[in-house]
Amino acid sequence: RGVQDVQLAVVDQGYGTIHRVDVSQGGWFAPDDGGRLAPAVVVSQSFYDAAGRPDLVTSPQVQLMGDPGATAVIIGVVPDPYPNMPPQAYILRQGAETAGIAANAAQGSPPELKIWAQPAMADQLTGALSVELQQQLPGLGVNVQRTDYAAYGDPFAQVQLMTMGAAGLVLLLGAVGLLNISMVTVRYRVREIGIRRSFGATSARVFFSVLMESVVATTAAGAVGVMLAVAVVKNPRIEHKIAPMLSEYPPFPLEAALLGLGAAVLVGALAGAIPALVAVRVKVIDAIRF
């Protein structure tokens, strides 16, 4: 379709890793692509369509109208995030210098240096990088800040607190219901407990037998609940409904699974402790006569 203006991003090879760039055809830049005599470019789907959808194996060439210009090679195609998106392309810094377009790139967005770090290191790195870059680039304005979702605080903190409160209330109600069931069960097993005590069962054995019945039941229920939660949360349809813009979804958090299983064990232990104490305090003679 002739010469067209294209939004061109001059990037490093690590850009694709940090931004989770999804390549539908071909591949992302390799570490040695910066040394190509014919610069490598990764283009958007709209760019690829406007270029006539060339075969990436035989004739993936496109002309860069810089000074002196160059014939670039299309090595990958990324999908458009929305329909009717203008043509876009990515090129390595070395390739941009070869084509003579590195100087013009500064006329667009200001250069950015992005670092992928742990959240706990963010505040320390922000101060250190601000000082270091200002010393390395005298006379230029330097702005160092976080750009992740938690840059201005965790936006999910209130939702987590509300969810934890609701979950705690449900667990409390469940524990009370389980406690009532356990008390009734122990009451109907008083004669059995008395016979066991008369045959030499110690108080500790009786206590743990009653307690473990409740703990085993809640542990099994907790394991089933965790498996159902994983199956629901990691369902592809549900993931797409919750976060349709993500190209890669995080794994199910292990700490959430352990917390759920631990809560189930704790509820079973609390609900079984009181009936177990009642069972221990039953007198043998009264229990046999019950």
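Predicted model: local features only at pLDDT ≥ 70, side-chain atom pairs only at ≥ 80, totals over all residues.
Residues are numbered from 1 along each chain as its sequence is written. Local features need pLDDT of at least 70 and side-chain atom pairs pLDDT 80 or more, whereas totals for chains, interfaces and linings use all residues, and side-chain values rest on heavy atoms, without hydrogens and water.

The protein chain contains 11 helices and six strands, both taken as DSSP runs numbered from the N terminus (helices: H or I, at least four residues; strands: E, at least two). Along the principal axes, the C-alpha trace spans about 105 × 45 × 30 Å. Of the 290 residues, 25% count as buried (buried: under 20% relative accessible area; exposed: over 50%; partly exposed: in between; 1.4 Å probe, protein chains only). With contact meaning heavy atoms within 4.5 Å, 74% of the contacts between residues at least 6 apart in sequence join residues at least 24 apart.

Turning to the aromatic rings, a pair is described by the distance of the centres and the angle of the planes. Rings of Phe, Tyr and Trp (its six-membered ring) pair if their centres lie within 6.5 Å, and planes under 30 degrees apart count as stacked, over 60 as edge-to-face and the rest as tilted. The count by this rule is five aromatic pairs. In one of them, Trp 28 and Phe 29 have ring centres 4.9 Å apart and planes at 70 degrees, so the pair is edge-to-face. Trp 28 is buried, with a relative accessible area of 18%, and Phe 29 is buried at 3%. Phe 207 and Phe 208 also form an edge-to-face pair, because their planes stand at 90 degrees, with the centres 5.5 Å apart. Phe 208 counts as partly exposed, at 46% relative accessibility. Ring pairs also link Tyr 15, Trp 28, Phe 29 and Tyr 90 into a cluster.

Val 265 lies in helix H10, which covers residues 254-280, and is partly exposed at 31% relative accessibility. Leaving aside neighbours within four places in sequence, Val 265 is in contact with Val 215, Thr 218 and Thr 219. Ala 217 lies 48 residues from Val 265 in sequence, with a C-alpha to C-alpha distance of 8.9 Å.
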